[in-house]
Amino acid sequence: MPIVKQEVIDDCKIKVSFSYEKDKVSSLIDEMAVEINKTHTVQGFRKGRATKQSIIFAYKKQILENVKQKLLNESFQDSLFELEVKAFGQPQINDIKVTLDSFTADLTIGHMPKFELLQYRDFEIERPEDLPQREVLEDMLKEKVCEQYSSQSPFEPDDFLLNGDVAVINYSGTIEGKPFEGSEAQAIIVTLGSGKSIAGFEDQLIGAKPGETREFDLDFADDFSVKELAGKTVKFKTEILSASRKAPHPYNEELAIAAGVSSLEELEQEVEKQAQQRLDEHIFNAVRPSIARKLLQANPVEVPLWQIIEVAKQIAVQNKLDWNSMEDSVRSQIIMEAHSKIRISFIFEKIKDTVAECVLSTEEMLTILNANIGNFEPNVRKELEKGTNVQLFQTIFGEIQDQHILRWLVTNSKVVAKKVEEFGQEQSLQLPQEVEQTKTAEVGE
C-alpha cells in the first residue's frame with residue numbers, strides 16, 4: 001500500500017500522501033506501451049513493430065497522463081480500504097507528480113462518519129387514507145383494454161361531432177373572396193381534438209352532423225409558416241360527408257383473445273394483478289416519506305458541518321440559486337434539506353453493507369433503466385442512449401438503487417391503520433446545534 005503519511009485535518013476529512021516506486025510505475029508504463037503498439041504507429045517503424053523506448057518517447061505525454069489517472073484512482077480506492085471508510089464525494093487533489101520513474105500525490109479525502117445502524121426494518125407505517133380502491137383500479141384497467149381494442153362505428157342519426165370523433169370532409173377557403181394555393185380539398189379525414197389541423201379548425205367542427213355544411217373564419221398569425229396566409233383571415237366552407245366514433249370493445253372472450261391471453265378468466269387475473277401492482281405503487285409513494293422520517297429518528301448520525309454545507313451548496317446550484325446572495329430564510333431551509341438528505345444517504349450505505357438483497361448489480365440497474373427510459377425527458381433520454389455521460393449514469397443509478405432500498409424497507413415494514421393522537425405531536429427532527437447556530441448566518445468556505 002503506497003500511503004506514506006496521513007493526517008486528520010477535520011471531522012471526516014483526512015489528508016493522505018502517496019508514493020509509488022520505480023518498479024510499479026515502470027511496469028505500468030510497459031503495459032501501456034504494449035497496448036499503444038497494437039493500435040498506433042511510430043514514425044520509422046511498421047505498425048506493431050516499434051521498440052518500447054520509441055513508443056514511450058513518441059507517446060510520453062499520453063502515457064504519463066494515463067499512468068497518473070490509473071494510479072490516482074488506485075491510490076484513492078486503496079486508501080479507503082486501508083482506512084476502513086466510505087468516501088464522501090471525490091478526493092481533493094492538493095499535489096500530484098508523475099514521471100517515468102515515480103508517482104507521488106497529496107489528496108484530501110472526505111469520508112462518511114462512523115455510526116451504528118440501530119433500526120432499519122419492522123417499522124409501523126400508517127396506511128394513507130386517500131388510497132384508491134382496488135376495485136376502482138380494476139374498472140379503470142378494464143376500460144383501458146376495451147378502449148385499446150376499440151373499433152370505429154358509423155354515427156347514429158342523432159350523433160354529432162365531439163373530440164375524438166373522425167370526420168370525412170370537403171373544404172374550401174378564400175381570402176377576401178379569392179381562393180389560394182391549396183385552399184380546397186376533397187374527402188379528407190380529420191380527427192377532432194388531435195391538433196393535426198390548422199389551429200382552431202377542428203374546434204369549429206364540434207357539434208356538426210354528417211350532411212351539415214359550416215362556414216367560419218380563422219385568423220392566421222403574423223409569423224405563420226405559409227407567407228401567403230400569414231396575418232390573413234381565411235373564410236372556410238366545410239361539408240361533413242360522414243363521421244365515425246370509437247366504440248370500446250365489449251369485455252368478453254373475444255377481447256381476451258385480442259389482448260393475447262387464452263380466456264376471459266386469464267384476462268381477469270391479469271387485470272387483478274396489475275390493479276394490485278398499481279395499488280402497491282400508490283402505497284409505496286404515500287408511505288416512503290414516513291419511512292425516511294422513521295429511519296432518521298431511529299438512527300442518529302453526527303454529520304460534519306462542512307459536509308452539510310457542501311451538499312446545501314449543490315442543492316442551491318441545482319435550483320439556480322446564488323448561495324452568497326440568497327436570503328437567510330432560504331439558506332436555512334436548504335441547509336435543513338441537505339442535512340436530511342446526507343443522513344439518509346449515509347443510512348442507505350449502511351443498509352447496503354448489512355443487507356445483501358438491497359444491493360443491485362450493474363446489470364440489474366441497466367435492466368430497470370431500459371424498462372423506464374421512455375419516462376425521461378427527450379434530452380436526458382438522448383444522453384442516456386449515447387452512453388457517454390458517466391456522471392448522468394452514476395446519478396440515475398444512485399436513484400435506482402435508493403428506490404430499491406426504499407421498496408425493500410416498505411416491504412419489510414407493517415402498514416397499519418392510522419392512529420388517533422390524543423395528546424402531543426410527533427417530535428420533529430432537530431439539526432445539530434452547530435448547524436442551528438450557523439444556518440441563518442453567512443457561511444464561509
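Is Ala 187 buried, partly exposed or exposed? With a relative accessible area of 46%, Ala 187 is partly exposed (buried means under 20% relative accessible area, exposed over 50%, partly exposed in between, with a 1.4 Å probe and protein chains only). Welcome to a short tour of this predicted model, in which local features need pLDDT of at least 70, side-chain atom pairs count only at pLDDT 80 or more, and totals for chains, interfaces and linings use all residues. Residues are numbered from 1 along each chain as its sequence is written, and side-chain values use heavy atoms, with hydrogens and water left out.

**Backbone angles**

- Most residues other than glycine have a negative phi.
- Ala 187 is not a glycine, yet its phi is positive, at about 50°.
- Ala 187 belongs to strand β8 (residues 184–191); helices (H or I, at least four residues) and strands (E, at least two) are DSSP runs, numbered from the N terminus.
- Asp 122, also not a glycine, has a positive phi of about 60°.
- The loop between β4 (103–110) and β5 (124–126) holds Asp 122, which is exposed at a relative accessible area of 55%.

**Helices α6 and α11**

- Helix α6 (residues 264–298) packs against helix α11 (residues 390–411) at an angle of about 90°, and their axes are 9 Å apart (axes are lines fitted to C-alpha atoms, for helices over the stretch in contact, and angles run from 0 to 180 degrees between N-to-C directions).
- That makes α6 roughly perpendicular to α11; angles under 35 degrees count as roughly parallel, over 145 as roughly antiparallel, 65 to 115 as roughly perpendicular and the rest as oblique.
- On the α6 side, the contact (heavy atoms within 4.5 Å) is made by Glu 281, Phe 284, Val 287, Arg 288, Ile 291 and Leu 295.
- From α11 come Gln 403, Leu 406, Arg 407, Leu 409 and Val 410.
- These contact residues divide into 7 nonpolar, 1 polar and 3 charged (Ala, Val, Leu, Ile, Met, Phe, Trp, Tyr, Cys and Pro count as nonpolar, Asp, Glu, Lys and Arg as charged, and the others, Gly among them, as polar).
- Leu 409, in helix α11, counts as buried at 0% relative accessibility.
- Beyond its neighbours within four places in sequence, Leu 409 is in contact with Tyr 120, Ile 291, Leu 295, Phe 348 and Ile 351.
- Leu 409 and Phe 123 are 286 residues apart in sequence, but 8.4 Å apart in space, C-alpha to C-alpha.

**Rings and charges**

- The whole structure has 11 aromatic pairs: rings of Phe, Tyr and Trp (its six-membered ring) pair if their centres lie within 6.5 Å, and planes under 30 degrees apart count as stacked, over 60 as edge-to-face and the rest as tilted.
- Tyr 171 and Phe 236 form an edge-to-face pair, with ring centres 6.1 Å apart and planes at 65°.
- Tyr 171 lies in strand β7 (residues 166–174) and Phe 236 in strand β10 (residues 233–247), 65 residues apart.
- The charged end of Arg 407 sits over the ring of Phe 284, 4.1 Å from its centre (NZ of Lys or CZ of Arg within 6 Å of the ring centre and within 35 degrees of the ring normal).
- Lys 13 has its charged end over the ring of Trp 306, 4.1 Å from the centre.
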